[in-house]
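Trainee: Please take a close look at the sheet in this structure, and at what its strands supply to the core.

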Amino acid sequence: EDEVFGRGRGEPISFSEGLPAHGDAVTVLGYGQGGDNLCTTKGVVSRIDVQPYPWTGARGFNIVHLPVIQIDAAINPGNSGGPALVSEQSSRKPLALGVAFMGLAD
């Protein structure tokens with residue numbers, strides 16, 4: 001394990017404990033395809049919904065309902081999987097809202 005990795009790179013990002021409001025600003029971080037530098041895109045929360053997800057656990061197959069937050073920030077090839085960040089209202093500290101990814105319709 002590399003003991004130097006991550007040292008001096010700032011504070012860890014905490015997760016948001018609540019849902020954002022419709023229209024809240026969002027920043028997405030990632031490494032776009034073909035690049036070696038951090039890519040930053042900005043957008044807003046455009047939809048908040050609940051979706052069923054299949055889940056297999058100790059009791060067999062279940063359906064759980066989880067929140068889905070749609071954002072309109074550009075998700076370019078290679079940078080999906082990065083954090084989607086919102087700012088805490090009182091301190092403007094960035095908080096992780098979730099993981100950004102692009103979905104395609106069938």
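Mentor: Two strands pair if DSSP finds at least two bridges between them, and strands themselves are DSSP runs of E, at least two residues long, numbered from the N terminus. This is a predicted model, in which local features need pLDDT of at least 70, side-chain atom pairs count only at pLDDT 80 or more, and totals for chains, interfaces and linings use all residues. Residues are numbered from 1 along each chain as its sequence is written, and side-chain values use heavy atoms, with hydrogens and water left out.

The protein chain has 0 helices and 6 strands. An open sheet of 6 strands runs in the order S1-S6-S5-S2-S3-S4, with mixed pairing. Its edge strands, S1 (14–15) and S4 (60–71), each pair on one side only. S4 pairs with S3 (residues 39–57) in the antiparallel sense over 12 bridges, and Arg47 stands opposite Gln70 in S4.

The largest nonpolar core has 10 residues: Val26, Val28, Val45, Ala73, Ile75, Ala84, Val86, Leu95, Leu97 and Ala100. At least two residues of this core come from each of S2 (25–30), S5 (83–87) and S6 (94–99). Such a core is a set of buried Ala, Val, Leu, Ile, Met, Phe, Trp, Tyr and Cys residues joined through side-chain atoms within 4.5 Å; buried means under 20% relative accessible area, with a 1.4 Å probe and protein chains only.

For Val26, contacts (heavy atoms within 4.5 Å) beyond its neighbours within four places in sequence include Val45, Ala84 and Val86. Across the protein chain, buried residues make up 19% of the 106 residues.

Conventions:
Buried means under 20% relative accessible area, exposed over 50%, partly exposed in between (1.4 Å probe, protein chains only). Helices (H or I, at least four residues) and strands (E, at least two) are DSSP runs, numbered from the N terminus.
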